[in-house]
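User: Could we go through this structure together, starting with the helices and then moving to individual residues?

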Amino acid sequence: MPTLPWTVPNQARPGTEAQVMASRFEVRTLADVPKFFLKSLAAWRQVKSAPGALGASLIAQPLKRTFYTLSAWEDHDALHAYARAEPHRSIMNGLRSTMRDSTFTFWEVPVEQLPIRWDEAKQRLAAEEAKNRG
């Protein structure tokens with residue numbers, strides 16, 4: 001599955017900061033992959049119309065049972081409003097039993113640095129995983 005490219009739902013206001021979130025999800029079995037993938041596409045559609053969403057991308061690695069998300073938001077409140085809104089809220093609750101592992105990391109950047117590169121996001125996720133293990 002190719003990467004879903006960085007999509008810009010709303011234009012950022014110049015001179016402001018963006019709240020960035022990267023996540024890594026690993027499902028328990030290969031049988032869980034289709035369900036997770038289909039549900040992640042519904043969440044992807046929601047991001048594209050979410051207030052305060054400044055950009056998002058998704059990587060699916062089905063044979064590794066791993067999915068990555070990367071998004072940027074006007075602020076913390078916009079990110080949390082999206083996470084609490086439907087269908088995202090029900091999707092995440094419904095997928096809990098399929099999850100083997102998940103990692104989240106958050107940081108801020110000037111909006112002029114968007115889009116965030118995947119190599120930076122993956123480095124931050126790896127650092128967060130190492131911190132949680134140690």
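This is a predicted model: local features need pLDDT of at least 70, side-chain atom pairs count only at pLDDT 80 or more; totals for chains, interfaces and linings use all residues.

User: At what angle do the axes of H1 and H3 cross?

Analyst: The axes of H1 (residues 33-47) and H3 (residues 88-95) cross at roughly 160 degrees and come within 10 Å. H1 is therefore roughly antiparallel to H3 (an angle over 145 degrees).

User: Which residues meet there?

Analyst: From H1, Lys35, Phe36, Lys39, Ala42, Ala43 and Gln46 meet His88, Ile91, Gly94 and Leu95 of H3 (contact means heavy atoms within 4.5 Å). These residues divide into five nonpolar, three polar and two charged, with Gly counted as polar.

User: Changing topic, is Ser57 buried or exposed?

Analyst: Ser57, in strand E3 (residues 53-61), is buried, with a relative accessible area of 4% (buried means under 20%, with a 1.4 Å probe and protein chains only).

User: What does the side chain of Ser57 reach at 2.6 Å?

Analyst: That side chain reaches the backbone oxygen of Leu4. The Ser57 side chain also makes a polar contact of 3.0 Å with the side chain of Trp118 (a pair of N or O atoms within 3.5 Å, one able to donate a hydrogen and the other to accept it).

User: And where is Glu26?

Analyst: Glu26 lies in strand E2 (residues 17-27) and counts as buried at 8% relative accessibility. Its side chain is joined to that of Arg24 by a polar contact of 3.3 Å.

Definitions and conventions. Residues are numbered from 1 along each chain as its sequence is written. Side-chain values use heavy atoms; hydrogens and water are left out. Axes are lines fitted to C-alpha atoms, for helices over the stretch in contact, and angles run from 0 to 180 degrees between N-to-C directions. Helices (H or I, at least four residues) and strands (E, at least two) are DSSP runs, numbered from the N terminus. Angles under 35 degrees count as roughly parallel, over 145 as roughly antiparallel, 65 to 115 as roughly perpendicular and the rest as oblique. Buried means under 20% relative accessible area, exposed over 50%, partly exposed in between (1.4 Å probe, protein chains only).
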